[in-house]
Amino acid sequence: MVGQDIISIDQFEKKDLESIFDLSFDMEENFRVHGCSNLLNCTIMASLFFEPSTRTKFSFDSAMTRLGGEIISTVGVTYSSMAKGETLEDTIKTVERYADVIVMRHPEKGSAAAAAKVAKVPVINAGDGPGEHPTQALLDFYTIRKEMRQFPKIKVAMVGDLKYGRTIHSLIKLLAHYEDIEFCLISPKELKIPEEYTKLLKEKDIKFYESDDFGQAACDCDVLYMTRIQKERFGDPSEYERLKGVFVLDKEIMKKAKKNMIVMHPLPRVSEIATEIDSDPRAKYFDQVENGVFVRMALLALVLGKVKLKEKVLT
Ligand code: NCD
């Protein structure tokens, strides 16, 4: 993967997903035993976030720092020359002169691909509007694989804003490599999953249903993947107000859910998971946060040519 951009889950074959999982696991073990390393010594990551972020930004920063690399960053259009009218392409052609890899989040779908087209260094998509969020999907996959011994024989309920939620889009594409998985796609009818994803599931003969019956899906599933309604994608604020509290996971529902199921969420949550669930051992959303660092350590080391897929990481 040396020099490769990471733009969409489409670019990965099933064997790549398995190898990235193994390498991330290796990164985690290595970190737990030896702590930080010098693997990315003398390399610089440019972090460009033109949309809000807590986890993804810190996760990449932490991954880079734990591998001995350096970070240069800008947050929001206001503090970059894009506020003066510079194009994204010119910004990228400039930033690549300072850095060995670019991590970018941007509000427009397709922006990461546009940046990658002009960049000579690898570009990693940290979320392109309502498009994709491939590294989140890889960390979600890492979490599911670690937690679910019966993988891939699992039922996954995806709940909330399936129309605009980019983590959902990338994760469906990823999990669609495993035909034994069943999907329950739970959303209000206004926020249904775009047709390209149901088409993909049909083509692959993967079992799924679409519904707005949250309670039923929560009780039946092995993985309950909650998402927030994406306020910033709504043209009409009253439409958001109407839909925002539509599904709430609380203790009553958890009582009826399977004993060995897990609850996931890419975070940030608004009101869709009651905080009373946080102490339930089935709640894995803060573990996802930690897992993300190991997966991004693996991805950075791969695109920067410091490890190859299938190779063991040694400190
Ligand atoms: C998500 C995102 O930005 O797409 N968060 C994340 O990266 N962990 C989910 C969201 O914003 O709802």
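This is a predicted model: local features need pLDDT of at least 70, side-chain atom pairs count only at pLDDT 80 or more; totals for chains, interfaces and linings use all residues.
Reader: Okay, and which residues are around the ligand?
Author: The residues around the ligand are Thr56, Arg105, His133, Gln136, Arg166 and Thr167, together with Arg228, Gln230, Pro266, Leu267 and Pro268.

Reader: How many of the shell residues are nonpolar, polar or charged?
Author: The shell around the ligand divides into three nonpolar residues, five polar ones and three charged ones.

Reader: What lies 2.8 Å from an oxygen atom of the ligand?
Author: That is a polar side-chain atom of Gln230, and an N or O atom in the side chain of Thr56 is likewise found 2.9 Å from an oxygen atom of the ligand.

Reader: And which residue has a backbone atom by a nitrogen atom of the ligand?
Author: That residue is Pro266, whose backbone N or O atom lies 2.9 Å from a nitrogen atom of the ligand.

Reader: How much of the ligand's accessible area does the protein cover?
Author: On its own the ligand has 310 Å² of accessible area, and the protein covers 94% of that.

Reader: Switching topic, how many salt bridges does the structure hold?
Author: The structure holds 24 salt bridges, and one of them joins the side chains of Glu28 and Arg32, with an N to O distance of 2.9 Å.

Reader: Where do Glu28 and Arg32 lie?
Author: Both lie in helix α1, which covers residues 14–34, and they are four residues apart, or about one turn of the helix.

How values were computed. Residues are numbered from 1 along each chain as its sequence is written. Side-chain values use heavy atoms; hydrogens and water are left out. A residue is near a molecule or strand if one of its heavy atoms lies within 4 Å of it. A polar contact is a pair of N or O atoms within 3.5 Å; within protein, one must be able to donate a hydrogen and the other to accept it, and residues adjacent in sequence count only if both atoms are side-chain atoms. Accessible areas come from the Shrake-Rupley method with a 1.4 Å probe; for residues, only the protein chains shown count as cover. Ala, Val, Leu, Ile, Met, Phe, Trp, Tyr, Cys and Pro count as nonpolar, Asp, Glu, Lys and Arg as charged, and the others, Gly among them, as polar. A salt bridge is a side-chain nitrogen of Lys or Arg within 4 Å of a carboxyl oxygen of Asp or Glu. Helices (H or I, at least four residues) and strands (E, at least two) are DSSP runs, numbered from the N terminus.
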